[in-house]
Amino acid sequence: MSKNFLFYILCCFVGSSFAQEETANDTTSVDLNYREDQFYISVTYNLLNNKPTDVSQSGFSSGFHFGFIRDMPLNEKRDFAIGLGLGLSSNSYNQNMLIQKDNTNQFTYTVIDKSVDAFKKNKFTTYLVEMPLEFRWRKSTPTDYTFWRVYTGFKVGYVIHSSSKYKGDLGSVKTSGIDDIEKLQYGLTLSAGYSTWNFHVYYGLNPIFKNSAIIDGKAIDTSNIKIGLMFYIL
């Protein structure tokens, strides 16, 4: 999943949202049964929570997320609703934990001492199909497309691919299909803001790795926190 491609999508969506805002007030017909069905796209900074001892992050660990959410209003004013969606997500984590395979084709995990190996790159990446569920409050009306919103909810994701890349004193090490990564990922979400631009946070409730992923004799019990911007486009 190319970052350049996702950036191109972001630019197109943000551009189209401004065009919609300019034409919203020219609408002559009013739909009293409107829905806030929306495409969404998000860019996040990914943090590792509860990291193993001596594991640290470096650089910018990015996340790119996009999809579609179906809006289901719950009251007559249509300012309360449930949103259910489907999307894709790419998440990278730059850190100093080397992931590689041993002679028995098993994955191993080692903390890189930066004073010994000043590596140029070391990250692992996950790609997921996601299903967000949102409880939505907003100040929208049938004719107002720019409004305040607070959307909170729950997101479930399924890892469809994973990989790791290292470049340093050991040369270049690449792996894919990391068996120790939990396929099912889930957490709490919050998006709040005005119009297209919204603050977004995701708090992972389960570890990224299974108990079979061991470092220094202990399970890698780290989860993730994602902080960034969410764009909703009608």
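Me: How many salt bridges are there in this model?

Reply: A salt bridge needs a side-chain nitrogen of Lys or Arg within 4 Å of a carboxyl oxygen of Asp or Glu. In this predicted model, the count comes to six.

Me: Which residue forms a salt bridge with aspartate 71?

Reply: The partner of aspartate 71 is arginine 138, with the closest N and O atoms 3.0 Å apart. This pair links distant parts of the chain, since aspartate 71 lies in strand 2 and arginine 138 in strand 6, 67 residues apart. Asp71 and Arg138 also belong to a network of salt bridges together with Glu134 and Arg136.

Me: Is aspartate 71 buried or exposed?

Reply: Buried means under 20% relative accessible area. Aspartate 71 has 0% relative accessibility, so it counts as buried. Arginine 138 is buried too, because its relative accessible area is 0%.

Me: What about the salt bridge of lysine 77?

Reply: Lysine 77 pairs with aspartate 79, and their closest N and O atoms are 3.8 Å apart. Exposed means over 50%. Lysine 77 counts as exposed at 62% relative accessibility, whereas aspartate 79 counts as buried at 10%.

Me: Which residue meets lysine 155 in a salt bridge?

Reply: That residue is glutamate 130, at 3.5 Å from N to O. Lysine 155 is in strand 7 and glutamate 130 in strand 6, 25 residues apart. Both lysine 155 and glutamate 130 are buried.

Me: Where is aspartate 54, and what does it touch?

Reply: Aspartate 54 sits in the loop between strand 1 and strand 2. Leaving out residues up to four places away in sequence, aspartate 54 touches Asn96 and Val111. Its relative accessible area is 57%, so aspartate 54 is exposed.

Notes:
Residues are numbered from 1 along each chain as its sequence is written. This is a predicted model: local features need pLDDT of at least 70, side-chain atom pairs count only at pLDDT 80 or more; totals for chains, interfaces and linings use all residues. Side-chain values use heavy atoms; hydrogens and water are left out. Helices (H or I, at least four residues) and strands (E, at least two) are DSSP runs, numbered from the N terminus. Buried means under 20% relative accessible area, exposed over 50%, partly exposed in between (1.4 Å probe, protein chains only). Contact means heavy atoms within 4.5 Å.
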